[in-house]
Amino acid sequence: MIMMQTPLLLSSFVKRAEQYFPEKLIISRTSEDVIHRIPYREFAKRTRKLADALTKLGMRHGTKVGTFAWNHHRHLEAYFGVPSTGAVLHMVNIRLSPEHIAYVINHAEDEILLVDDNLFPHLAQLAPMLKTVKHYVIMGDSKEIPETSLPNVHAYEALLDEASDTFEFPEDLDENTPAGMCYTSATTGNPKGVVYTHRGIVLHSYALGLSDAMGIRERDVAMPLVPMFHVNAWGIPFASVFFGTTQVLAGPGFDPAVILDLIEKEEVTISAGVPTIWLAVLKELEANRRDVSSLRAIVCGGSAAPKGLIRAFEEKYKVPFIIGYGLTETSPLVSLSVLTSKMEDVSMDERIDIRALQGIPIAGLEVQIVNENGAVPWDGETMGELTVKGPWIASEYYKDDRTADAFRDGWLYTGDIAVMTEDGYIKLTDRTADLIKSGGEWISSVDLENALMTHEAVFEAAVIAIPHEKWQERPLACVVLHEGQAANDEMKEALKNSLKEQFASWWLPEDIVFMDELPKTSVGKFLKRALRDQLDSYFKVT
């Protein structure tokens with residue numbers, strides 16, 4: 001044995017933050033009027049108290065503990081207090097349908113649920129469907145238990161009052177012990193469970209600190225707007241504790257004005273969220289200016305971001321706008337659209353084009369794009385399915401037969417269709433289920449969507465396939481216009497003309513349908529299955 005075999009455990013993050021950054025803050029908004037400012041010294045004590053309190057309720061090695069909560073300090077305490085004992089934290093996506101919420105809690109076999117006070121009435125309605133839950137712990141600023149007929153309901157703060165802050169986390173855990181669980185957002189069928197190990201989360205946290213990744217560091221003020229119940233808030237809370245980063249957790253019911261107020265007041269340096277959030281933030285910023293000069297980066301992912309959105313932040317507000325790619329199965333970071341040294345002197349137009357890509361894979365991962373002929377050439381044109389392997393990539397779904405469809409020969413088959421540019425940047429072109437095959441040739445719905453969203457009149461756009469008697473399938477564009485724009489034949493013609501300048505004639509949509517809104521999944525992705533159901537009349541072969 002040449003090197004020490006030191007296990008990679010999340011408990012080491014808590015110890016490090018407490019020892020080296022005791023005065024650094026977790027700024028936690030728990031309601032419209034309440035903001036807590038908790039130093040890491042206090043966070044570490046509260047985390048140990050939580051572990052002690054839940055252990056007294058019956059939490060043991062391997063016990064599943066669910067959270068049903070927004071982004072705040074109590075949720076962050078659970079991120080460490082549960083897995084550091086050897087139990088498993090299951091972050092339940094509160095935006096799933098009631099049926100899917102019940103399914104994931106039952107499938108994971110959660111025994112204890114930590115529930116935000118303002119979400120408890122919603123979850124209480126599902127209690128008769130929950131088969132394994134033994135205790136409900138209400139997370140709120142009050143120590144009072146809400147009126148309820150459910151048994152074994154506890155107040156989080158009252159439990160902590162009775163718990164010990166000298167609780168010792170076990171140091172003999174295997175680093176491959178499960179630490180966390182998330183479920184996919186279920187565009188088809190039931191959600192699929194993914195289990196994260198201590199080792200995977202620790203290595204993913206290291207990756208987030210790389211300069212050519214998010215570069216999270218001690219001097220940052222990080223504000224993840226992506227929910228903590230969605231793929232670990234992209235791992236930012238874990239990495240922030242590891243590096244002693246000041247954290248801003250925006251809590252429930254935040255809106256663009258609240259986001260901008262927090263950025264300005266707390267001097268946030270890095271934030272992350274889906275495009276719909278940043279579109280709304282940009283609109284508020286244009287209407288009511290704030291000082292966003294503290295931002296060194298915005299990270300955006302989850303769905304395609306309009307180039308106009310990227311340009312506005314990069315050109316007008318001088319904030320690097322970085323597109324990321326990842327999945328529940330990948331913890332989630334796979335790639336980021338950072339600029340390499342050879343790109344430093346590119347024009348603004350070229351810069352925006354690069355930023356709009358899904359980016360270059362993070363060090364530590366292997367990525368291949370494959371089709372029926374094997375790995376595709378790096379020519380920016382040849383499409384194939386994106387596959388990934390690495391130390392923070394899942395190897396299976398939790399107790400799910402669909403494992404065989406996605407995990408083969410040591411690779412995760414993502415279901416995303418992509419091309420690789422000559423510089424090694426990933427560019428998504430579609431999901432396998434959403435590719436449009438017209439006359440034997442593939443058409444990328446994502447390319448058409450991105451092109452439509454560059455038009456100044458377009459707020460959002462989704463493209464789906466409709467059956468065609470001659471060509472097998474043809475694209476249909478579904479468009480939401482900005483407020484004040486007229487949804488008429490002239491607008492339709494203008495959008496078609498803009499596409500004619502960018503694509504071959506056979507790529508052009510068969511029609512453009514104007515809509516008030518587009519159906520989305522719980523994490524903001526276009527729900528094309530629901531869109532097809534809404535537009536059933538277009539699916540009649542003509």
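How many helices and strands are there in the protein? There are 16 helices and 27 strands, where helices (H or I, at least four residues) and strands (E, at least two) are DSSP runs numbered from the N terminus. This is a predicted model, in which local features need pLDDT of at least 70 and side-chain atom pairs count only at pLDDT 80 or more, while totals for chains, interfaces and linings use all residues. Residues are numbered from 1 along each chain as its sequence is written, and side-chain values use heavy atoms, with hydrogens and water left out.

**Overall dimensions and packing**

- The radius of gyration, taken over C-alpha atoms, is 24 Å, which agrees with the value near 24 Å for a compact globule of 542 residues, the globule rule being 2.2 Å times the number of residues to the power 0.38.
- Along the principal axes, the C-alpha atoms fill a box of roughly 70 × 55 × 50 Å.
- Of the 542 residues, 58% are buried, meaning under 20% relative accessible area with a 1.4 Å probe and protein chains only.
- Of the contacts (heavy atoms within 4.5 Å) between residues at least 6 apart in sequence, 67% join residues at least 24 apart.

**Surroundings of Thr 330**

- Thr 330 sits in the loop between strand S14 (321-326) and strand S15 (333-336), and Thr 330 is buried, its relative accessible area being 0%.
- The side chain of Thr 330 reaches the backbone oxygen of Pro 332 at 2.6 Å.
- When neighbours within four places in sequence are left aside, Thr 330 is in contact with His 204, Trp 392, Ile 393 and Leu 412.

Terms used
Buried < 20%, exposed > 50% of the residue type's maximum accessible area, 1.4 Å probe, protein only. Polar contact = N/O pair within 3.5 Å; in protein donor to acceptor, adjacent residues only side chain to side chain.
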